[in-house]
Amino acid sequence: MATQRSLKVFAGIALGLMIFLSLGIAMHGYGFQLRISGSPTFHERFDHYPVTSTMHVLGGATVLLLGGFQFWGGLRRSFPALHRNMGRVYLVFVLVGGIGGLLIAPKSDGGVSAHVGFGLLAVIWLFSGLQAYLAIRRGDVATHRAWMIRNFSLTFGAVTLRVYLGAMTAFGIPFEEAYPTVAWVSWVPNLILVEWYLALFTASRRPARSGSVEPSHAHGATA
Ligand code: HEM
């Protein structure tokens, strides 16, 4: 009982922290577009492809702004229509930001490793968004949840990227070395962690005898 309560408190704190960090980087995205944040090097480069970079930054910022709240169980239960509408907006902006990200990936800093890392991230981001959409269209809530969790773990890569880049720079690793690494490290571990979580969660709810999972019970989100 006490363990369950502790787990709930831990999940609440983790969700709060995730939303807080997401909002911070979303603000950086909007600030970047308004030229009140971001490095001059990025601004100069993005000025060469204003349409795709705007698609990417505004799409990404909006997705980060909304995404964390979708995992707040209380909000979802109290305002289901709001959850659905925010979900629609989220997926539209994943499409916009993902296409933008894919088109700017080959022009990024960090050489081929970064181009491929960001490019693959964009492709999986778009793919997981599409799978989440298709699942909810056919009424398969459990599969929709699983794909949305995967998708947001990739969205959250925008946060982990900046945390890792900041840490690596603080440890004296030059930007040119750190950047190709974070183009992968910012999202691959997130995805592995989520797969582990989903496997564990689904396994813990699998009926002992049948070995199968009722889709509507295979939730993979908080609360
Ligand atoms: C998850 C998929 C994402 C991919 C594939 C991706 C890809 C990229 C790429 C390739 C660049 C250019 C880097 C360069 O020119 O060196 C970039 C920069 C940028 N991205 Fe993303 N990104 C993603 C998510 C996001 C999100 C969710 C945001 C939300 C704020 C965001 C905001 C930005 C900003 C503001 C920049 C400019 C650089 C900076 O100030 O940090 N991105 N992204």
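Helices here are DSSP runs of H or I at least four residues long, and they are numbered from the N terminus. Keep in mind throughout that this is a predicted model.

Begin with the whole chain selected. Ten helices and zero strands are present, so that the pattern read along the sequence is α-α-α-α-α-α-α-α-α-α. The radius of gyration is 18 Å, close to the 17 Å that the globule rule gives for 223 residues, and the chain is therefore as compact as a globular protein of that length. If you draw a box along the principal axes, the C-alpha atoms fill roughly 60 × 35 × 30 Å.

Next, select residues 80-104, which form helix α5, together with residues 111-137, which form helix α6; their axes come within 9 Å and cross at roughly 160°. Because angles over 145 degrees count as roughly antiparallel, α5 and α6 are described in that way, and the crossing between them is left-handed. To see the contact itself, show Leu-91, Val-94, Leu-95, Gly-98, Gly-101 and Leu-102 on α5, and on α6 a set including Phe-118, Gly-119, Ala-122, Trp-125 and Tyr-133. Sorted by class, this contact of α5 with α6 has eleven nonpolar, four polar and no charged residues.

On the α6 side, select Gly-111, Ser-113, Ala-114, Gly-117 and Phe-118, which meet Tyr-179, Pro-180, Ala-183 and Trp-184 of α9. By class, the contact of α6 with α9 has six nonpolar, three polar and no charged residues.

Finally, centre the view on Arg-35, which sits in the loop between α1 (2-33) and α2 (40-46). Is Arg-35 buried or exposed? With 9 C-beta neighbours inside 10 Å, Arg-35 counts as exposed, because the cut-off for that class is 12 or fewer. Inspect the backbone here as well: most residues other than glycine have a negative phi, whereas Arg-35, although not a glycine, has a positive phi of about 65°.

Methods: Residues are numbered from 1 along each chain as its sequence is written. This is a predicted model: local features need pLDDT of at least 70, side-chain atom pairs count only at pLDDT 80 or more; totals for chains, interfaces and linings use all residues. Helices (H or I, at least four residues) and strands (E, at least two) are DSSP runs, numbered from the N terminus. A residue is buried if 20 or more other C-beta atoms lie within 10 Å of its own, exposed if 12 or fewer, and partly exposed in between; C-beta atoms are placed from the backbone. Axes are lines fitted to C-alpha atoms, for helices over the stretch in contact, and angles run from 0 to 180 degrees between N-to-C directions. Angles under 35 degrees count as roughly parallel, over 145 as roughly antiparallel, 65 to 115 as roughly perpendicular and the rest as oblique. A crossing is left-handed if the near helix is turned anticlockwise from the far one by less than a right angle, and right-handed if clockwise. Two residues are in contact if their C-beta atoms, placed from the backbone, lie within 7 Å. Ala, Val, Leu, Ile, Met, Phe, Trp, Tyr, Cys and Pro count as nonpolar, Asp, Glu, Lys and Arg as charged, and the others, Gly among them, as polar. The radius of gyration is taken over C-alpha atoms; the globule rule is 2.2 Å times the number of residues to the power 0.38.
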